[in-house]
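Open the model in your viewer and keep the selection panel at hand. The stops below go from the whole chain down to single side-chain pairs.

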Amino acid sequence: MDEAARAWWKEATVYQVYPRSFADGDGDGVGDLSGLASRADYLADLGVDVGWLTPVYESPMADNGYDVADYRAVDDTFGSMADWRAVRDALHERDIRLVMDFVPNHTSDEHAWFRASRAREDGKADWYHWADGVDADTVAYDAPDEGPSGEAPPNNWRSFFGGPAWTYDDERGQWYLHLFDPKQPDLDWSVPAVRAAIHDELRYWLDEGIDGFRLDVVNLLSKPDGYPSGDESEPFNGSLRLVPDGSRIHEYVSGMSEAVFAGHDLLTVGECIGDLSVEEAARYVEPDGDGLSMVFHFGHVGIGRGDALWEREPWSLTDLKAVFDRWQNGLAGRGWNSLYFENHDQPRVVSRFGDDGDYRLESATCIATLLHTLCGTPYVYQGQELGQTNPTFESLAEFRDVETVRTVEEALAAGEIESFDDVRDGLNAHSRDTSRTPMQWTDGPNAGFTDPDAEPWIRLHEDYREVNVEAQRSDPDSVWHYYRRLIDLRAANDVLVYGAYENHTPEDEQVWAYSRTLGDEAAAGAESDRAFVALNWGGEPARVEPPASLAGAAATLALSNRDGAPAPERVEPYTARPWEARVYLLD
Ligand code: TEU
């Protein structure tokens with residue numbers, strides 16, 4: 001193994017904690033840091049190497065903490081800085097590293113920087129994107145109700161959460177840009193003092209001894225050239241396609257790496273929204289690139305989704321394979337991949353790409369096998385290790401997510417939909433709240449997430465009596481134990497971390513069979529230099545035909561998600577049962 005190519009963050013499995021839904025220590029119905037600290041053993045028992053904590057900074061919580069009012073303070077909702085340090089120490093004592101989610105693109109409108117900027121004080125007048133409005137009669141887009149009459153916002157960009165991306169500020173007498181909620185004004189990264197200020201905030205957390213960052217919507221930092229007088233002929237959802245990866249983005253990200261990350265051994269993962277190409281991604285992650293360990297792209301999670309949040313489109317396994325193949329092959333030898341299906345913005349993968357009816361357990365474990373045996377760092381989102389499915393929300397009032405609520409209200413007001421019922425099923429498939437219900441610890445009151453008499457901030461999933469940590473930990477055949485075995489298997493086998501990927505069934509609509517192969521140098525000290533993985537992605541039996549190069553090779557069946565599978569000592573054709581997954585390690 002070329003030791004220079006090794007990195008702890010390539011070998012690690014990351015577990016994402018959404019603290020408000022993980023464990024409630026103080027019994028107010030909202031998860032917090034003391035709750036998380038009390039579950040540190042749980043993470044150690046699962047075998048994960050890194051905890052990624054979504055924002056716990058001081059915030060008015062317009063977007064559950066992605067609207068930061070003070071980067072150096074912990075919000076009361078979650079506890080205190082002492083509670084945060086207790087989490088850090090509890091994880092570190094168990095050899096689990098800690099990655100903080102950091103939001104460099106925008107702050108809260110309640111951040112001191114924004115208050116100063118709006119008042120043109122403290123040298124911060126230009127720290128955000130301020131612009132004059134335009135004559136409403138001269139542009140092709142609507143003037144919102146707010147703002148001086150006859151005046152339209154500087155351009156037609158729409159917020160990702162619905163509504164114009166500009167809000168008029170009475171105090172300043174100008175419009176400010178917010179690609180997300182009006183309470184999340186975008187920082188102007190072209191201003192050197194803004195970049196320096198963010199670097200300082202990042203350094204603050206490094207000095208607290210953390211092990212890396214997840215950088216929220218990092219590819220939005222550089223706005224398009226010629227902005228704000230964007231092309232008004234663009235349709236109203238133009239912001240999504242126009243804004244990411246602006247011309248100065250690599251200067252900003254590499255500048256951040258040089259100023260802050262250099263000399264530290266960190267995991268840095270940049271969330272890159274929109275239609276990121278592999279070529280663009282490589283610039284963020286390749287050895288002479290911007291210095292990020294890896295990025296999150298949206299290629300696979302966009303499959304089967306339409307423009308509107310609730311729109312569902314048919315998809316096929318070959319669509320999914322094509323995206324993974326593009327990234328596996330495209331970054332091979334150039335940069336590292338992240339591997340994820342779920343997070344706090346994405347629905348449960350069993351409902352999304354598996355079978356949340358008859359084959360919940362089988363499809364959850366089959367998909368888990370893919371996640372841990374492709375080339376890249378696997379990310380497991382809380383509850384995924386239980387094979388959780390999407391809950392069923394019955395009314396708009398049950399949703400908490402700003403994106404869901406705002407876009408539905410906007411569509412209702414515009415007459416695009418008649419009632420919630422029109423979008424109920426689509427929202428239950430795609431809303432960000434589908435994965436934000438409380439962690440299911442037990443079959444007891446409130447699923448053991450909070451005190452029995454507390455009201456959880458968001459409703460529970462209806463299935464917690466059957467699907468919960470306690471039940472699964474006592475059942476060796478559970479999804480939980482399968483995740484644990486997968487994490488261990490990957491950690492013990494270089495071939496599953498570093499081996500080159502080759503898809504042997506790119507055209508097959510049901511079987512996904514691929515191999516991982518270590519190069520000669522890497523193979524020297526490894527237990528096995530080749531792995532063969534076969535997944536039956538569906539509820540029907542399917543024939544698995546290993547490629548000629550592998551057929552008959554002596555191998556160990558290292559893991560399978562179906563009981564009683566024969567344990568052949570070589571790679572041979574077989575008929576896979578529904579959702580059967582097998583991982584062979586060649587001798
Ligand atoms: O997400 C950005 C993002 O891509 C989503 O908001 C996306 O637009 C949406 O989920 C599509 O349905 C990051 C955070 O992960 C998210 O929670 C924040 O709301 C957002 O940035 C703003 O900070």
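**Domains**

Colour the protein chain by its three parts: domain 1 (9-106 + 192-473), domain 2 (112-177) and domain 3 (497-586). These bounds come from an automatic or database domain assignment. Between the centres of domain 1 and domain 2, taken over C-alpha atoms, there are 29 Å.

This is a predicted model, in which local features need pLDDT of at least 70 and side-chain atom pairs count only at pLDDT 80 or more, while totals for chains, interfaces and linings use all residues. Residues are numbered from 1 along each chain as its sequence is written, and side-chain values use heavy atoms, with hydrogens and water left out.

**Helix α9**

Select residues 278-285, which form helix α9. Helices here are DSSP runs of H or I with at least four residues, strands are runs of E with at least two, and both are numbered from the N terminus. Of the 8 residues in α9, 6 are buried; buried means under 20% relative accessible area, exposed over 50%, and partly exposed in between, with a 1.4 Å probe and protein chains only. The buried ones are V278, E280, A281, A282, Y284 and V285.

**Salt bridges**

Next, display the charged side chains. The structure holds 39 salt bridges, each a side-chain nitrogen of Lys or Arg within 4 Å of a carboxyl oxygen of Asp or Glu.

Start with D122 and K124, whose side chains meet at 2.7 Å, N to O. D122 is exposed because its relative accessible area is 58%, whereas K124, at 12%, is buried.

Move to R158 and E410, a salt bridge with its closest N and O atoms 2.7 Å apart. The two lie 252 residues apart: R158 is in the loop between β8 (151-152) and β9 (166-169), and E410 is in helix α13 (residues 402-413). E410 counts as partly exposed, at 30% relative accessibility.

Then pick R436 and D345, joined by a salt bridge of 3.1 Å, N to O. R436 sits in the loop between α14 (420-430) and α15 (469-473), and D345 in the loop between β14 (338-339) and α11 (349-353). Both residues are buried.

**H481**

Finish at H481 in helix α16 (residues 479-492). H481 counts as buried because its relative accessibility is 12%. Leaving aside neighbours within four places in sequence, H481 is in contact (heavy atoms within 4.5 Å) with Q472, R473, D475 and P476.
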